[in-house]
Every structure is written in C-alpha cells, then in structure tokens.
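Here is a walk through one protein model, taken piece by piece. Keep the sequence at hand as you read.

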Amino acid sequence: MELIDTHCHLDVMEFDPDRDSVLGRARAVGVVGLVIPAIHRAGWPWLLEYCASGPGLYPALGLHPVYLDEHGEDDIRALESAIATRRPLAVGEIGLDFFVRDLDRDRQQALFEGQLQVARAANLPVLLHVRRAHEPVLATLRRIRVPGGIAHAFSGGIEEARRYIDLGFKLGFGGMLTFERSTKLRRLAAELPVEALVLETDAPDLTVASHRGERNSPEYLPDVLASLAEVRQADPGELAAITTANARAVLGISASVLPANEANADAP
Ligand SMILES: [Zn+2]
C-alpha cells in the first residue's frame with residue numbers, strides 16, 4: 001500500500017526531537033510521499049534543504065494567511081524568485097482565514113491574490129487553507145485561474161466541494177474524519193466522487209481519534225484511510241490506490257519518483 005500525506009508540517013519544531021524516527025515510522029506504514037507546505041519566508045530555506053535530504057519529501061512554498069504579521073512587503077517577490085530557482089511542488093499554504101479574529105481581511109486577500117498570480121505564472125498547483133471563507137476564496141479562484149490544487153482540511157458543504165472540483169481541485173481529508181462526532185464531514189466524505197479525494201494529516205495539528213490530545217503524525221495516515229473506507233464502505237487497498245493516484249495527478253508527482261516500497265506491497 002502506498003499513501004501520500006498531502007499536508008504535513010514535518011518541518012516545524014514539534015518534530016525537532018524525533019523527526020527521523022517519525023518519518024521512518026510513517027514510511028513503515030506505507031506513507032511513501034509527504035507534501036510539506038511552508039508557513040512563512042523564514043522557513044523556506046530549511047524546508048527546501050530538508051526535502052532535498054530524502055526521497056518522497058515534497059516542499060510547497062508560500063505565505064500562510066494566519067501568520068499575516070510575519071509576512072513582509074517584498075515576500076511575494078521573494079516567493080516568485082524562490083519558485084523560479086527551486087521549483088517546489090506547489091505554492092502553499094495560502095488562502096483566507098475568516099475564523100481567526102483580528103486577521104485583517106483586506107491584507108489577507110491581497111496576500112492570497114499575489115500568491116495566486118505567482119502560482120499561475122509558474123504553472124503550479126496551490127495548497128489552500130480556507131476557514132469560514134469559501135465564498136471569497138472561490139470567487140478569487142474564478143478570477144485568477146491556477147492549475148488546480150488541494151483544498152486542505154476541507155469542511156465546507158457539498159455544493160462548495162463541487163465548485164472546487166470544477167476548478168480542478170481535490171479535497172483533503174484528515175484526522176477529523178476519524179471522530180464519530182464529525183457526522184457532517186463523514187457524510188460529505190461518503191458522498192463526494194472518489195476522484196476528488198486526497199488524504200492528509202496536517203501533523204502536528206488536528207490529530208486522529210486514536211491519539212486524541214497528542215501530537216499528530218504522518219504515521220497515523222492509515223487511520224484516516226480506514227475511516228474513509230468505513231464511511232464509503234469501500235476497500236481500503238483500493239481507496240489507497242485511488243487517493244494516491246489523485247494526489248499524484250493534481251500535484252504532478254510521477255509514480256517513478258516515489259521510493260520503492262516492496263515491503264508494503266499487497267500480496268498478489
Ligand atoms: Zn497546514
């Protein structure tokens with residue numbers, strides 16, 4: 001079984017004590033690819049260096065909307081040049097967050113649009129962070145067309161999901177799906193076309209039910225798969241193959257660059 005964690009902050013300090021063992025355990029359970037989205041410019045150099053250190057580690061570069069105050073005037077220009085020279089997998093994580101109070105919406109919008117323009121010019125997909133802001137995000141995506149991407153930790157409605165899909169996006173499902181009480185989300189995950197689904201952990205945040213209250217980790221991605229299989233009444237192996245193919249397709253990850261994973265291959 002080969003899984004891709006399409007949203008995992010393995011670069012953050014919560015993983016400083018044991019990053020290598022976390023990655024080792026994630027690989028052991030079949031996580032062959034990890035997409036690591038940036039938060040701010042100061043984190044880009046280390047993120048790029050880390051992702052170059054082993055197979056299946058894919059950086060996205062971007063400026064996260066929640067950390068608005070950390071972004072400088074010339075960070076969009078810096079993003080443009082970093083993308084040209086380092087060619088990350090995607091632009092992210094970017095978007096709009098209207099849930100966190102006191103985050104200036106006009107500044108968020110300007111930051112989001114600037115980064116969409118960069119993604120569009122570089123022909124790169126984007127990793128979206130959207131909270132209580134699906135309408136303005138969808139309106140912006142209709143104006144500034146990018147080559148698709150992923151709406152991470154998706155929690156909107158079915159109509160919103162369809163509009164993202166029409167714009168070339170996949171929808172990321174993570175640890176929230178493993179909680180029985182996430183009835184709306186589980187219903188949505190059951191209803192959506194399977195071609196639209198990708199898996200993620202968002203580690204170290206948003207952990208799975210079996211590790212409630214603990215640091216989240218990419219090694220728990222099989223829990224997300226199991227919950228998705230349960231709500232869709234689907235075969236986990238089949239769902240793993242499809243969601244991994246979806247992630248590869250939308251992010252342009254060719255199967256050949258993923259590390260060989262014979263040990264986890266299903267028996268014939
Ligand atoms: Zn994130």
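Start where two helices touch. On one side, helix 7 contributes Arg 186, Ala 189 and Ala 190. On the other, helix 8 contributes Leu 228, Glu 230, Val 231 and Arg 232. This is a predicted model, so read every value here as computed from it. The contact of helix 7 with helix 8 has four nonpolar residues, three charged ones and no polar ones.

Now look at the geometry of that contact. Two packed helices are described by the angle between their axes and by the distance between those axes. Helix 7 spans residues 183-191, and helix 8 spans residues 221-232. Their axes come within 8 Å and cross at roughly 75 degrees. Helix 7 is therefore roughly perpendicular to helix 8, because angles of 65 to 115 degrees fall in that class.

Next, the metal site. Which residues hold the zinc ion? The zinc ion is coordinated by His 7 and His 9, each through NE2, and by Glu 93 through OE, at 2.1 Å. Along the chain, these donors follow the spacing H-x1-H-x83-E. The site thus joins distant parts of the chain, with His 9 and Glu 93 lying 84 residues apart. His 9 sits in the loop between strand 1 (3-5) and helix 1 (19-28). Glu 93 belongs to strand 4 (residues 90-97). Are these two residues buried or exposed? Both His 9 and Glu 93 are buried.

Turn to the aromatic rings. The structure holds three aromatic pairs. One of them is Trp 46 with Tyr 50, whose ring centres are 5.2 Å apart and whose planes meet at 5 degrees, so the pair is stacked. Trp 46 and Tyr 50 are four residues apart in helix 2 (residues 44-51), so about one helical turn separates them. Their surroundings are described by accessibility. Trp 46 has 38% relative accessibility, so it counts as partly exposed. Tyr 50 has a relative accessible area of 8%, so it is buried.

Phe 154 and Tyr 164 make an edge-to-face pair, 5.7 Å from centre to centre with 80 degrees between the planes. This pair links distant parts of the chain, ten residues apart. Phe 154 lies in the loop between strand 6 (149-151) and helix 6 (158-166), and Tyr 164 lies in helix 6. Phe 154 and Tyr 164 are both buried. Together with Phe 169, Phe 154 and Tyr 164 form one aromatic cluster.

Terms used. Residues numbered from 1 in each chain as written. Predicted model: local features only at pLDDT ≥ 70, side-chain atom pairs only at ≥ 80, totals over all residues. Heavy atoms only, no water. Axes fitted to C-alpha atoms, helices over the stretch in contact; angles between N-to-C directions. Parallel < 35°, antiparallel > 145°, perpendicular 65-115°, else oblique. Contact = heavy atoms within 4.5 Å. Nonpolar A, V, L, I, M, F, W, Y, C, P; charged D, E, K, R; others polar. Donors = N, O, S within 2.8 Å, 3.2 Å for Na, K, Ca; no water. Buried < 20%, exposed > 50% of the residue type's maximum accessible area, 1.4 Å probe, protein only. Phe/Tyr/Trp six-rings, centres within 6.5 Å; stacked < 30°, edge-to-face > 60°.
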